[in-house]
Amino acid sequence: MKKLNFAIPLFCMLSCVQSNVPIYRNADASIEDRVEDLLSRMTLEEKILQMNQITLGANLNQNNVGDASVEPVLGSYITYTATDPSEINQLQKRAVEQTRLGIPILFGFDAIHGFRTVYPIPLAQACSWNPELVEKACSICARESRLSGIPWTFSPMVDIARDGRWGRCAEGYGEDPYTASVFCAASVRGYQGDDLSDSTKIAACIKHYIGYGASEAGRDYVPTEISRQTLWDTYMPPYQAGIEAGVASVMSSFNSINGIPASADPYLLTHVLKRQFNWDGMIVSDWDAVKQLVYQGAAADHAESAERAVNAGLDMDMADLCYYDHLAQLVKERKVSEKTINDSVRRILRLKFKLGLFEKPYPPVTTPEQRFTLPGDLDVVGQLAEESSVLLKNDGTLPLGLKPRKIALIGPMADNYWELIGSWGGHPLAEDIVTIKKAFSDGFGAQNILYAKGCDFDGEDKSGYDEAVAKARQADVIVLCLGERASWSGENGIRSTLALPAVQEQLAIELKKTGRPMVLLLNNGRPLELCRLEPLVDAIVELWQPGISGGKPAAGIVSGRVNPSGKLAITFPYSTGQIPIYYNRRRTSRPFMGFYQDIPSEPLYDFGYGLSYSSFEYGDIRQVGESPMVFEISVMNTGLVDGKETVHWFISDPVSTVTRPYKELKFFEKKLVPAGKTATFRFEIDPLRDLGYVDENGHRYVERGKYQILVKDKMVEIEL
Ligand code: NOJ
């Protein structure tokens, strides 16, 4: 496509003077009228330009190395570096003031778990079982992003992940469709609020549509095979939840499903999203996904890629400019209709109008202090980091209390800040991130902390072991800080094993020889293989990648200032060979057979597992209502400290035409239960939603028969 001339033609200026303000410029007109008016004024070339997105600058991911050549008439830019509204305003000025129709640019950025005030990775967020808190964190992210000039984030990622080798499991809400649905809706509400034109809100983008997390062997970008019924039962629910929450955009994924690339699938993009869900939002491809149709063997060249993608219903082409280069010719050859182009452009313009970009294209120029980490923000992200942490083991060593004791703080994570942030780390400042060492020094007194790194995250160098062992011998307790580098998870962060590198495991073995009690703190972006480490230590706290709160939740939990309340949203296998392992697997034909010969067949830590410093005693499940069907369960805190408990309500359908999982999560609730007190948890059943199943076309149905309601080891049976 040849470059456009940005000069505003004389005839246009004259017509503006003679006529009234065009409808699309009238803020009082309806968005639909404005869209139609603007569309009617656009040339085919201008329409096609709106359907392209390029990048400004680059992030550290090789996949995203950017091309900085800028055309102010394109639909959207991704910016990985801009944090200052004046940078954005310069570019926006060209689009708004120097192009014929003055259509503002839609800037986007992957603010995945925070913009500047970075909070825990999404996998950790799900372990908090506190969607209200996640909503608050996302609204902080929205404010920081929008005030920096970026009104669009490529988040939340709602891919169901059941293979921890896939590094992107860090970016989603775990293995369960219901959990992912609840957190998807919470995050969309947090980003978008009720009104996208609010100067502190941004458009969300649910991704990667769809089935990307089902990639074979945890390898990124590879094909997936998903039956239609499983697609609807397992992978679609979070997208439905996001759409019901009003999400503004969806990103199509890289993978093919049953041989059809998701970015060129008319069933997924047009039939399901645009027709069946009757959704009026915009679909953007993932990075280069259109061009990659050629690698996938789905198109002979980039022209055919563009043709397949646009005809399937993909509205905006991210990065590869296949639409930019080929759509005009494809329309000329009648391979793509102008009606198809109009449908996509309508959706793009609708989003720009909804965001209020035509009225307020320029974010106010503010100082970083006015935009970032405002009073109260640290409390929200700190609480989220605390509630995301999962106590996996405790033989009574924890909490340590604050009375002076010598703590040997050992390990590659102990004095590190960057690895605590995780992948897609936003724009945190190094000085905002609290290392574990700093948090422990503040909490327990620097004089009580004996620090030694011991070893690096990987490699062969064991020369630090001796110092670590010596420090451990001088201490009353060892706190061992192991984990993963941030780059080991996230996009293309694929590992063949969930085990930590041998150099870290060996360090634990050496420290065990000192006979000191040992607490293992873990910071990582995936479930880990802990079968060798678990027997060596007295307590384990899974802290994930907590963002800028860094070591604070760790110090709080170890001291007892914080009572851990996180529970796993993803299964921790006994070892990597158990993968795929997830709680809601379908029933087997021989439940008494089919076990591994060489390892246990049960996971090390189940979905929903997590300890507390309180102990909770569950009563029986009581049915307290017939229509609607309501169930209650009482939970008593028999411990000495107040604690938060999450009750997970599962259902089971023992006999059904299409066989179902052993159990399926349908509801959860988290409450503070003061020591010695009892709280009542309640679950109101909607039979179609909670007991029903879904067919291969996405239609829900309920079968007559018996169903079980399950909470922990409690069960009641009901009959429909
Ligand atoms: C590729 C990633 O797969 C996607 O998640 C991200 O949003 C885009 N790049 C843009 O950065």
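Guide: Asn-563, Ser-565 and Lys-567 supply 76% of the area that domain 1 buries against domain 2, more than any other three residues. This is a predicted model, in which local features need pLDDT of at least 70 and side-chain atom pairs count only at pLDDT 80 or more, while totals for chains, interfaces and linings use all residues. Residues are numbered from 1 along each chain as its sequence is written, and side-chain values use heavy atoms, with hydrogens and water left out.

Visitor: Which residues make up domain 1 and domain 2?

Guide: Domain 1 covers 373–578 and domain 2 covers 616–719, with bounds that come from an automatic or database domain assignment.

Visitor: Why is the pair Lys-567 and Glu-645 called a salt bridge?

Guide: The term requires a side-chain nitrogen of Lys or Arg within 4 Å of a carboxyl oxygen of Asp or Glu. The closest N and O atoms of Lys-567 and Glu-645 are 3.3 Å apart, so the pair qualifies. Between domain 1 and domain 2 the count is three salt bridges.

Visitor: What makes Asp-265 a cap of helix H10?

Guide: A side-chain oxygen of Asp-265 lies 2.9 Å from the backbone nitrogen of Tyr-267, at the N-terminal end of H10. Just after H10, Asn-278 takes a positive phi of about 50°.

Key. Buried area = accessible area lost by both parts, 1.4 Å probe. Polar contact = N/O pair within 3.5 Å; in protein donor to acceptor, adjacent residues only side chain to side chain. Helix = DSSP H or I, 4+ residues; strand = E, 2+ residues; numbered from the N terminus.
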